[in-house]
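Biologist: I would like to learn how to read a structure file of this kind. Could you take me through it feature by feature?

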There are 2 protein chains.
Amino acid sequence: MTDFAQTKKLFHLPEGVIYLDGNSLGPLPKAAPARMQTALQDEWGEMLITGWNKAGWMEQPARVGDRIARLIGAEPGHVVMGDTLSIKVYQALASALEMNPNRKVILSDSGNFPSDLYMAEGLIKSLNAGHELRVVAPEDIAANITDDIAVTLLTEVDYRTGRLHDMTALTALAHDKGALTVWDLAHTAGATPVDLSGAQADFAVGCTYKYLNGGPGAPAFIYVAPRHADAARPALSGWLGHDAPFAFELGYRPGPGIERMRVGTPPVLALSALEAALDIWDMTTMREVRARSVELTRLFIDEVEKRCPDLCLATPRDPARRGSQVSFRFEHGYAAMQALIARGVIGDFRAPDIMRFGFTPLYIDADDVTRAVDTLAEVMTNRLWDTPEYKTRARVT
Amino acid sequence: MTDFAQTKKLFHLPEGVIYLDGNSLGPLPKAAPARMQTALQDEWGEMLITGWNKAGWMEQPARVGDRIARLIGAEPGHVVMGDTLSIKVYQALASALEMNPNRKVILSDSGNFPSDLYMAEGLIKSLNAGHELRVVAPEDIAANITDDIAVTLLTEVDYRTGRLHDMTALTALAHDKGALTVWDLAHTAGATPVDLSGAQADFAVGCTYKYLNGGPGAPAFIYVAPRHADAARPALSGWLGHDAPFAFELGYRPGPGIERMRVGTPPVLALSALEAALDIWDMTTMREVRARSVELTRLFIDEVEKRCPDLCLATPRDPARRGSQVSFRFEHGYAAMQALIARGVIGDFRAPDIMRFGFTPLYIDADDVTRAVDTLAEVMTNRLWDTPEYKTRARVT
């Protein structure tokens, strides 16, 4: 059984801060600085170019991918790291569209993270072949999986509301209608259990700087189902996805399986920080994390609804239908979040009126939740948000 | 005037090693570990999500881009960092093709780094609009810039031979024939002076882990000429290239100028290491680096030709026609390079028979060159390469 009091000690959490924004950027694992020093000094510094072989940098994207595979129910050897989530969305989507050439519709929902939609839009313009991006409300997705859909592009957990799609049911429905699926796990990986293999998902992508705690701008991952892995054509066909990168052939031949989804030189330093973060994930299971997450989000919802009547729950009340975040709508949500942050409770704000709080059992416990609600209740009861300094519009990531 | 003895002291160079592979992966700047600790502990650790604003992470890609702009003759505000070189090649090429819609030919040469060709091949397949990748010998490029060329895709310095294209002349010729230009500066940035603005280059891309010493897998850069910057459509249209990324609109609107070439969340940690490396570049000018580089490469060529008659120069003898590397062909080049590396002189090998040596004045001096030649002469004269342990084929980056 996971000792969450112990995992909490493995993170650096600034004095006086309750950090409920790990769904946006996870905190620093205490082991990351030492791991980074090893990568910098013992590997890069001492090995120089030979680090690609001696330090295992070349295999690092697959090695790290395997550690993430365990957390998302992927078959070992079918996840690889690199680039950013947006790039990986493009790769997955381009491959999926080619595998379903007689259909032209990408189905997504308005709760998808906008960058996924932007990447789809850019791809469609480049393809210039009559594709359409069809965006419906999240609750209307199932009804819109019709037999003209080439691929569904869905983020499992809605970045604003925390609403959780039913991956297994929607994937089955998509397959039944002849569509492929691309799942974005940005708010899922490390937040809720996923079973990519069991759900028979076709493609999945995700980032590692949120619940996985890989650091600002940490690399993304991509999963391709084993049944597709040797068939998918990488539109972004870079040398490290080549079957023989160091033969320097003039023509591209895709590498085996997921390897072909590699593009350029891997981000060794960033992957090293991520490796330190994943050591903590090795100490637990997604089942235990999920159980604790449900307790924490339930406690938060209950207490906030009791004490802050002006806040309106935007997240599904049924724990089975939400991820590991809780969002409340409030007209002055931006100012209220500023007031909270000024008092050491860090959540974030998403336009137009969403106050968002992430619950991350590796380092957040029930006592944190109670204290966060105390502060929130104080802000709301005393209208502490109603001051000019908090009302300026600003950029929040 | 640059004190190169001083800049040399700013790098960590392992005891007993002469490092002539900085054209593949530059060495560790001694200031990088401390800069990385700041990024990890003071920024990520203490600021958490607020680092995006407080530590300036959000503007880091443009801030670092401006420092590189100075080294490549780009106008300030027209270079931005992110992703890998291969991804940036794709972006530049996709934009350029769209800007020249009535033409279908991408012209490149067989000395281009294969990943650039692979990315072009992948793009062409995705576009499915009858484009052609025409690859000719490097010396035949000028004659092949005909009025059916949409865009030239050239690496200024040939990764194998070190041959330097005449960017100004070829760009003028391309424009004269109605073609656009994409220049890959992988082996140029930090190696030879470039004047993108003066040459009227249209697009340029490059990496930062070679001569710029940003570390393994350091991020790439992209330049778009000011006259195109508000017209180019980013095929990879990610949220950070959006005009208002934090408005989370459902539709994509490209940001102003080079900002639209940003895609996903920037690699903050990797960019921080690169910033430490760029501090050293602030102490010199490309003119001085080039003068010293020409001295070093000339000395190396002269001495090797005197003492190693079995090696055949593959690099242009005229310094004006080469970058900052020297390559020799030798049938047993792989084994000879292994023998050299075993004796502390690190260069690298490129199939089929190229022994490659990079000369990087920031930390390599004439004494290093002389000692490297002594070792090479010893390896060649005594056939030290002719042992089974060096003859196994292996992967070299």
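Predicted model: local features only at pLDDT ≥ 70, side-chain atom pairs only at ≥ 80, totals over all residues.

Biologist: In what order do the seven strands of the open sheet in chain B lie?

Modeller: Strands of a sheet pair through backbone hydrogen bonds, either parallel or antiparallel. Helices (H or I, at least four residues) and strands (E, at least two) are DSSP runs, numbered from the N terminus; two strands pair if DSSP finds at least two bridges between them. In chain B the order is β4-β10-β9-β8-β7-β5-β6, with mixed pairing. At the edges are β4 (79–81) and β6 (132–136), each of which pairs on one side only. As one case, β5 (105–109) and β7 (149–155) of chain B run parallel, joined by three bridges, and B:Val105 has B:Ile149 as its bridge partner.

Biologist: Which strands of chain B does helix α5 lie across?

Modeller: Two parts are in contact when heavy atoms come within 4.5 Å. Axes are lines fitted to C-alpha atoms, for helices over the stretch in contact, and angles run from 0 to 180 degrees between N-to-C directions. Helix α5 (85–99) of chain B lies across β5, β7, β8, β9 and β10, at about 170° to β9(B). Helix α8 (167–176) of chain B lies across β7 and β8, at about 155° to β8(B).

Biologist: How is the four-strand open sheet of chain A paired?

Modeller: Its pairing is antiparallel, in the order β11-β12-β15-β14. Two bridges join β11(A) to β12 (325–329) of chain A, and A:Leu313 stands opposite A:Phe328.

Biologist: How many residues does each chain bring to the contact?

Modeller: Chain A and chain B bring 81 residues each. Buried area is the accessible area (1.4 Å probe) that two parts lose on being put together, summed over both. Here that is about 7300 Å², 67% of it on carbon and sulfur atoms. On the side of chain A that touches chain B, α6(A) gives the largest share, eleven residues.

Biologist: How many salt bridges cross that interface?

Modeller: A salt bridge is a side-chain nitrogen of Lys or Arg within 4 Å of a carboxyl oxygen of Asp or Glu. Across the interface of chain A and chain B the count is zero, whereas over all chains it is 52. One pair is B:Arg35 with B:Glu275, whose closest N and O atoms are 3.0 Å apart. These two residues link distant parts of the chain, 240 residues apart, B:Arg35 being in α2 and B:Glu275 in α11 of chain B.

Biologist: Where does the backbone have a cis peptide bond in chain A?

Modeller: Most residues other than glycine have a negative phi, and most peptide bonds are trans. A cis bond joins A:Ala351 and A:Pro352, with omega about 5°; A:Pro352 is in the loop between β14 and β15 of chain A. In chain B, the bond from B:Ala351 to B:Pro352 is cis, with omega near 5°.

Biologist: What is the phi of A:Asn128?

Modeller: A:Asn128 is not a glycine, yet its phi is positive, about 50°. A:Asn128 lies in the loop between α6 and β6 (132–136) of chain A.

Key
Residues numbered from 1 in each chain as written. Chains lettered and ligands numbered in written order. Heavy atoms only, no water.
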